[in-house]
Amino acid sequence: MKDIKISAIKTASLQSKDALREIETAKGQITLLKEQTRDDDLAGEHRLTRTKNIHTQAFSINRAMRENQNGHTGKVIWFTGLSGSGKSTLANALELELHERGKHTYLLDGDNIRQGLNKDLGFTDADRFENIRRIAEVAKLMTDAGLIVITAFISPFKQGREMAKQLIGKENFIEVFVDTPIEVCEERDPKGLYKKAREGNLPNFSGISSPYEAPENPDITLDGSQIKSKTYSLKKILEFLSKSELT
């Protein structure tokens with residue numbers, strides 16, 4: 001039987017801890033563990049321990065064959081920046097350009113993913129780390145399919161972005177920092193989130209009540225304050241991608 005351990009389970013909403021301990025399925029048993037803080041381990045609340053009796057299954061079609069059929073290599077283009085920085089706008093424009101050039105792409109966007117795959121996650125530090133971990137796993141699978149994967153996530157923590165890079169493979173990972181001053185993001189505030197955060201109605205909001213750790217050495221840095229003029233930003237990205245023979 002698998003032993004699935006999830007730390008920091010909040011029991012306030014449960015009728016009793018005994019009821020939780022009695023939950024068992026054929027797949028595993030949920031066990032209460034001591035809560036971990038971000039200082040201990042960002043991934044603490046979602047650490048999973050499973051059986052070691054799992055082995056990679058080999059298949060006839062591999063990544064190289066898929067890439068050969070697609071006519072290009074698989075890559076992950078990872079947009080990071082504050083809410084309202086212009087990540088999704090630029091990611092969408094890039095996918096449109098690559099699609100028109102006949103490339104096989106897929107765009108993963110933060111709000112969209114949280115409506116499905118990650119709808120069970122909140123915005124605590126540990127939840128946000130787990131959000132990025134899941135996205136990285138999905139992007140890795142899509143890269144193996146030979147796709148150019150474009151992601152648009154705040155991904156506020158350096159540790160989380162580094163984890164994604166290591167998981168996907170640094171040779172497959174292109175980090176794009178949309179560097180937009182928080183004053184500009186707050187002025188835009190397309191979803192009204194900064195206003196809510198300033199009023200204290202939106203906890204754990206990056207740049208206000210939760211940190212955003214800007215990349216130190218991104219592959220590409222874009223001036224998000226000039227987002228209305230996407231031509232230069234797209235040209236800069238495409239020039240970088242041409243070195244990877246993606247354009």
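**Figure 1. Overall organisation of the predicted model.** Among contacts in the protein (heavy atoms within 4.5 Å) between residues at least 6 apart in sequence, 76% join residues at least 24 apart. This is a predicted model, in which local features need pLDDT of at least 70 and side-chain atom pairs count only at pLDDT 80 or more, while totals for chains, interfaces and linings use all residues. Residues are numbered from 1 along each chain as its sequence is written, and side-chain values use heavy atoms, with hydrogens and water left out. The protein contains nine helices and seven strands; helices (H or I, at least four residues) and strands (E, at least two) are DSSP runs, numbered from the N terminus. Of its 247 residues, 40% count as buried, where buried means under 20% relative accessible area, exposed over 50% and partly exposed in between (1.4 Å probe, protein chains only).

**Figure 2. Packing of helix α3 against helix α9.** Two packed helices are described by the angle between their axes and the distance between the axes. Helix α3 (residues 87-100) packs on helix α9 (residues 230-242) at an angle of about 60°, and their axes are 10 Å apart. Axes are lines fitted to C-alpha atoms, for helices over the stretch in contact, and angles run from 0 to 180 degrees between N-to-C directions. The angle makes α3 oblique to α9; angles under 35 degrees count as roughly parallel, over 145 as roughly antiparallel, 65 to 115 as roughly perpendicular and the rest as oblique. The crossing of α3 past α9 is right-handed, a crossing being left-handed if the near helix is turned anticlockwise from the far one by less than a right angle, and right-handed if clockwise. From α3, the contact involves T89, L90, A93, L94, E97 and L98; from α9, K230, S233, L234, I237, L238 and L241 take part. By class, the contact of α3 with α9 comprises eight nonpolar, two polar and two charged residues (nonpolar: Ala, Val, Leu, Ile, Met, Phe, Trp, Tyr, Cys and Pro; charged: Asp, Glu, Lys and Arg; polar: the others, Gly among them).

**Figure 3. Packing of helix α5 against helix α6.** Helix α5 (residues 125-144) and helix α6 (residues 158-168) meet at an angle of about 20°, with their axes 9 Å apart. This makes α5 roughly parallel to α6, and α5 passes α6 in a right-handed crossing. F129, I132, R133, A136, E137, A139 and K140 of α5 contact Q159, G160, M163, A164, L167 and I168 of α6. The contact of α5 with α6 divides into eight nonpolar, two polar and three charged residues.

**Figure 4. Aromatic pairs.** The structure holds four aromatic pairs; rings of Phe, Tyr and Trp (its six-membered ring) pair if their centres lie within 6.5 Å, and planes under 30 degrees apart count as stacked, over 60 as edge-to-face and the rest as tilted. F177 and Y212 form a stacked pair, 6.3 Å centre to centre with 25° between the planes. F177 belongs to strand β6 (residues 173-179) and Y212 to the loop between α8 (193-198) and β7 (220-223), so the pair ties together parts 35 residues apart in sequence. F177 and Y212 are both buried. Ring pairs also link W78, F153 and F173 into a cluster.

Figure 5. S155, in the loop between β5 (148-152) and α6, has a phi near 40°, a positive value in a residue other than glycine. S155 counts as buried, at 4% relative accessibility. In the loop between α7 (182-188) and α8 lies D189, whose phi, near 35°, is likewise positive in a residue other than glycine. D189 is buried, with a relative accessible area of 16%.
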